[in-house]
Amino acid sequence: MTVAQTNKTLRDAVNKIPLDQMDVSDPLLFQNDTIGEYFRRLRAEDPVNYCAKSPNGPYWSVTKFNDIVRVDTDHKSFSSDAARGGIVLGGLGVPTEASAMGGLEMFIAMDPPKHDEQRKVVSPIVAPHNLETLEPIIRERAAAILDSLPIGEEIDWVDQVSIELTTMTLATLFDFPWEERRKLTRWSDVVTSSPGNGVDSWEQWQQELTECAMYFKNLWDQRVGGEQKHDLISMLAGSPATANMPFQEFLGNLILLIVGGNDTTRNSISGGVLALNENPAEYAKLMKNPGLITGMVSEIIRWQSPITSMMRTALCDAEVGGKKIREGDKAVMWYLSGNRDSEVIERADEFLIDRKNPRQHLSFGFGIHRCVGNRLAELQLRIIWEEIVKRFSKVEVVGKPVRSLSHVIHGFTKMPVKLHAH
Amino acid sequence: MPKVTYIEANGAKHDVTVDSGSNCRDAAVDNDIPGIDGDCGGVCACATCHVYVDPAWLGKTGKAAPGEMEAELLQFAPDFRDNSRLACQIKMTDALDGLVLHVPEGQH
Ligand code: HEM
Ligand code: FES
């Protein structure tokens with residue numbers, strides 16, 4: 001079958017599903033990359049859709065850009081609180097044992113006023129101005145990683161480049177002991193894993209995160225009262241607002257910073273390579289004019305939507321897009337879908353590295369929980385792309401990428417590529 | 001048409017004419033004023049259009065109302081001050097002709 005025929009077959013099949021039986025939280029749809037067709041139909045026919053039965057329980061899907069902004073900015077009606085169900089449909093997989101440890105209270109899953117207090121403390125630390133000092137080190141280390149890659153041989157871009165670069169930037173941000181940097185990646189992966197999916201048991205899960213806590217306690221003790229450096233731990237330890245933070249709170253915030261910047265950055269690096277390969281005219285524009293990288297980074301983040309969605313729990317009856325969401329209902333804001341809404345984004349189905357308003361996308365969320373690390377993410381991606389373009393005339397995808405089996409983390413586990421030198 | 005002056009953190013000044021009825025975020029973005037990103041398109045959802053209203057003008061623009069979305073977002077802005085506003089929430093009128101807005105060092 002040609003691609004056009006496959007698309008038509010898929011469209012016909014999706015169009016036959018009764019609207020009250022659409023379950024867009026099935027992780028297989030993301031892994032086999034057919035999810036876009038489902039969202040296309042919902043945006044057109046039932047933009048705020050109720051799914052009464054799914055393995056993740058009943059939930060509303062909010063699929064259009066403006067409806068998503070409406071829910072995301074109404075934290076008085078829509079809660080993020082972990083105690084009510086948190087921010088991920090079906091749960092993060094974090095067990096009750098986690099609360100016993102007490103270390104995983106993160107403000108992304110809190111409501112005001114506690115959310116506000118903690119966000120205020122962390123936010124200045126990842127402000128663009130603070131990050132400038134880290135730029136030269138990130139650049140130097142990215143260059144070294146890229147220089148060590150073989151030219152003309154098949155390699156796995158995800159493992160050898162995306163993970164490596166993300167780990168490197170995390171280690172740099174925390175001034176983490178360099179030789180042990182893969183520990184950071186491991187801990188970050190552990191937080192979002194569950195038995196059979198990354199760890200063998202909850203005991204192992206807890207044991208690894210306790211190790212993480214001890215390790216950071218040690219770094220914290222070394223840096224508290226030490227000379228003021230620019231890494232995130234020193235800044236937390238050195239700022240009057242945070243120096244006396246209870247250790248568990250410090251740990252929760254730290255883990256949130258690590259997890260927040262791990263899969264998201266990794267999958268943006270991979271997603272960018274795939275998008276450029278699927279759109280050769282855009283790749284040509286980039287190579288002709290690397291000045292487009294700043295805008296391209298935002299476009300990659302829109303296109304990839306590394307976090308497909310965030311969930312809220314209604315605190316009261318609320319109307320969204322003409323539908324009545326009832327108190328206690330779960331509402332999922334599908335950023336991945338809103339980012340393809342052609343009523344708000346011009347030519348939304350096209351990847352265009354020089355579009356006019358590249359920053360107007362939903363991938364970072366909006367409202368009081370909007371990603372606090374957004375400029376940090378953009379900075380990392382900009383440096384990495386500047387260094388890639390300097391070295392390689394093309395990063396060529398030479399085999400079928402393997403996508404993640406997840407309805408939340410939108411990414412890749414494998415992407416075979418060949419590098420071409422200039 | 002009323003005029004607005006944006007002053008960057010480094011002191012650079014930009015005079016811009018703004019249609020009455022338009023807002024100070026759109027005017028800044030349309031004229032490429034550095035430091036005002038306005039990611040959400042001007043719907044009070046991102047806080048990347050943070051400005052400091054020159055004290056002489058604060059009486060005319062007013063402050064962000066406590067408890068409203070604008071103030072809730074501003075509390076997270078780096079170096080949030082008493083005269084902080086979101087530019088998208090300042091509607092241009094003839095009464096604001098000559099308005100002076102200071103752009104912060106960075107936004108996110
Ligand atoms: C392309 C990369 C990234 C994407 C797509 C992304 C996406 C998101 C999203 C969707 C949210 C929740 C928004 C909401 O609930 O409305 C969020 C929150 C957050 N992100 Fe990111 N993120 C990225 C990178 C980072 C990085 C590098 C950091 C590390 C500093 C980070 C730290 C956080 C934190 C701490 C929050 C919680 C904010 C709050 O609840 O107030 N993120 N991010
Ligand atoms: S442009 Fe987003 S809050 Fe003003």
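Which residues lie nearest the centre of the largest cavity? The points below begin with that question and then take up a pocket, chain B and some local features.

1. In this predicted model, the residues nearest the centre of the largest cavity are Arg119(A), Cys46(B), Ala47(B), Phe76(B) and His108(B), and they belong to a lining of 17 residues. The cavity holds about 140 Å³ of space, and the count of cavities of 30 Å³ or more comes to one. By class, the lining of the largest cavity is made up of eight nonpolar, seven polar and two charged residues.

2. The second largest pocket has a volume of about 1,200 Å³ and a lining of 35 residues, with Asp33(A), Thr34(A), Gly36(A), Glu37(A) and Trp303(A) nearest its centre. Four elements of chain A, namely α1 (3–16), α3 (35–45), α15 (263–278) and α17 (293–304), each give two or more residues to the lining of this pocket, and the largest share, seven residues, is that of α3(A). The lining of the second largest pocket divides into 13 charged, eleven polar and eleven nonpolar residues.

3. Chain B contains three helices and five strands, which follow one another along the sequence in the pattern β-β-α-β-α-α-β-β. Its radius of gyration is 12 Å, close to the 13 Å that the globule rule gives for 108 residues, so chain B is as compact as a globular protein of that length. The C-alpha trace of chain B spans about 30 × 25 × 25 Å along its principal axes.

4. Within chain A, helix α4 (residues 65–72) is mostly covered, as six of its eight residues are buried.

5. Ala171(A) has its place in helix α9 (residues 157–174) of chain A. Is Ala171(A) buried or exposed? With a relative accessible area of 1%, Ala171(A) is buried; apart from its neighbours within four places in sequence, Ala171(A) is in contact with Phe176(A), Trp178(A), Arg181(A) and Leu184(A). Between the C-alpha atoms of Ala171(A) and Tyr38(A), which are 133 residues apart along the chain, the separation is 39 Å.

6. Some details of the backbone deserve a careful look. Most residues other than glycine have a negative phi, and most peptide bonds are trans. Against that background, Pro112(A) and Pro113(A) are joined by a cis peptide bond with omega of about 5 degrees, and Pro113(A) is found in the loop between α5 (96–101) and α6 (114–122) of chain A.

7. In chain A, Arg347(A) has a phi near 45 degrees, although it is a residue other than glycine, and Arg347(A) lies in the loop between α18 (335–338) and α19 (374–391). In chain B, Asp32(B), which is not a glycine either, has a positive phi of about 50 degrees. Asp32(B) is found in the loop between α1 (24–30) and β3 (50–53) of chain B, and Asp32(B) is exposed, with a relative accessible area of 65%.

Technical notes. Residues numbered from 1 in each chain as written. Chains lettered and ligands numbered in written order. Predicted model: local features only at pLDDT ≥ 70, side-chain atom pairs only at ≥ 80, totals over all residues. Heavy atoms only, no water. 1 Å grid on protein atoms, 1.4 Å probe; cavity = no way out; pocket = protein on both sides within 12 Å on 5 of 7 lines; lining within 4 Å. Points joined across faces, edges and corners; volume = space filled by probe spheres on them. Nonpolar A, V, L, I, M, F, W, Y, C, P; charged D, E, K, R; others polar. Rg over C-alpha atoms; globule rule 2.2 N^0.38 Å. Buried < 20%, exposed > 50% of the residue type's maximum accessible area, 1.4 Å probe, protein only. Contact = heavy atoms within 4.5 Å.
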